[in-house]
Amino acid sequence: RINWDIAIPNEKTCRVRDTRGPNENTFRSLMTAAIGQKSNTASTRDSCILTLMHDLGLRRNEISQLDLEDVSLSSGALRILAKGYRHKQPVSLTRACMRSLGGWLQQRGIKPGPLFINRSRSSGGYSRLTGSGIYRIVKRLGTISGFHLSPHMLRHLSITRACEQAARAGL
């Protein structure tokens, strides 16, 4: 018999949130809904936004803050104002992002300013597409596809996909 105890404090439990996000089939349905829109301009813009969210895991505000000068298709890079940073940071583009951005730039034109624009009824001109506007686009396309989605759920899909690819690569 011993005269001492092992004292180990209980670990504090915390609720774990489901961070998996939608699956690839859901994303394909979203892209189909985006491409199937009546307006070719909206179709190209929205599918480009979805591709950036899916392939790069960008937040909606990171996308809304992009300017034309932040895109370099020749070097395959994008400069984003990431959360917690004061200056724009370079991000490498996937082939799908480069194709999608190329198509959007043909529609948008080369006028300096916001990369993603929204036809503003109040100003009579074009203005920057806001994070709230991107939220509404993703919600609307999700509804058309039969899914309840938010932009952050697409970020979860992107991160889950990256983790799965790293695991398959043995990283």
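Throughout these legends, buried means under 20% relative accessible area and exposed over 50%, with partly exposed in between, as computed with a 1.4 Å probe on protein chains only. The model is predicted, so local features need pLDDT of at least 70 and side-chain atom pairs count only at pLDDT 80 or more, whereas totals for chains, interfaces and linings use all residues. Residues are numbered from 1 along each chain as its sequence is written, and side-chain values use heavy atoms, with hydrogens and water left out.

**View 1. Val138 in helix H5.** Val138 lies in helix H5, where helices (H or I, at least four residues) and strands (E, at least two) are DSSP runs numbered from the N terminus. At 0% relative accessibility, Val138 counts as buried. Leaving aside neighbours within four places in sequence, Val138 is in contact (heavy atoms within 4.5 Å) with Leu30, Leu50, Met53, Leu149, Ser150, Pro151 and Leu154. Val71, which is 67 residues from Val138 in sequence, has its C-alpha 22 Å from that of Val138.

View 2. Two packed helices are described by the angle between their axes and the distance between the axes. Axes here are lines fitted to C-alpha atoms, for helices over the stretch in contact, and angles run from 0 to 180 degrees between N-to-C directions. Angles under 35 degrees count as roughly parallel, over 145 as roughly antiparallel, 65 to 115 as roughly perpendicular and the rest as oblique. H1 and H2 pack at an angle of about 160 degrees with their axes 8 Å apart, which makes H1 roughly antiparallel to H2. On the H1 side the contact is made by Glu24, Phe27, Leu30, Met31, Ala34 and Ile35, and on the H2 side by Ser43, Asp46, Ser47, Leu50, Thr51 and His54. By class, this contact of H1 with H2 has six nonpolar, four polar and two charged residues, where Ala, Val, Leu, Ile, Met, Phe, Trp, Tyr, Cys and Pro count as nonpolar, Asp, Glu, Lys and Arg as charged, and the others, Gly among them, as polar.

View 3. The axes of H1 and H5 are 9 Å apart, at an angle of about 105 degrees, which makes H1 roughly perpendicular to H5. Ser29, Leu30, Ala33 and Ala34 of H1 make this contact with Val138, Leu141, Gly142, Ile144 and Ser145 of H5, and the residues of the contact of H1 with H5 comprise six nonpolar, three polar and no charged ones. H2 and helix H5 (residues 131-145) pack at an angle of about 95 degrees, with their axes 11 Å apart, and H2 is therefore roughly perpendicular to H5.

**View 4. Gln37 in the loop between H1 and H2.** Gln37 is placed in the loop between helix H1 (24-35) and helix H2 (40-56), and with 16% relative accessibility Gln37 counts as buried. A polar atom of the Gln37 side chain lies 3.5 Å from the backbone oxygen of Ala42. Apart from neighbours within four places in sequence, Gln37 is in contact with Ala42, Ser43, Asp46, Arg140 and Leu141.

**View 5. Cys48 and Cys97.** The structure holds zero disulfides, a disulfide being a pair of cysteine sulfur atoms within 2.5 Å. Cys48 is in no disulfide, and the nearest cysteine sulfur, that of Cys97, is 7.4 Å away, too far for a bond. Cys48 is buried, with a relative accessible area of 0%, and Cys97 also counts as buried, at 1% relative accessibility.

**View 6. Ser64 in helix H3.** Ser64 is found in helix H3 (residues 60-64) and is buried, with a relative accessible area of 2%. Not counting residues up to four places away in sequence, Ser64 touches Arg128, Leu129, Thr130, Gly131 and Ile134.

**View 7. Ala77 in strand E2.** Ala77 is placed in strand E2 (residues 77-80) and, at 21% relative accessibility, counts as partly exposed. Leaving aside neighbours within four places in sequence, Ala77 is in contact with Asp70, Val71, Ser72, Val91 and Leu93.

Notes:
Polar contact = N/O pair within 3.5 Å; in protein donor to acceptor, adjacent residues only side chain to side chain.
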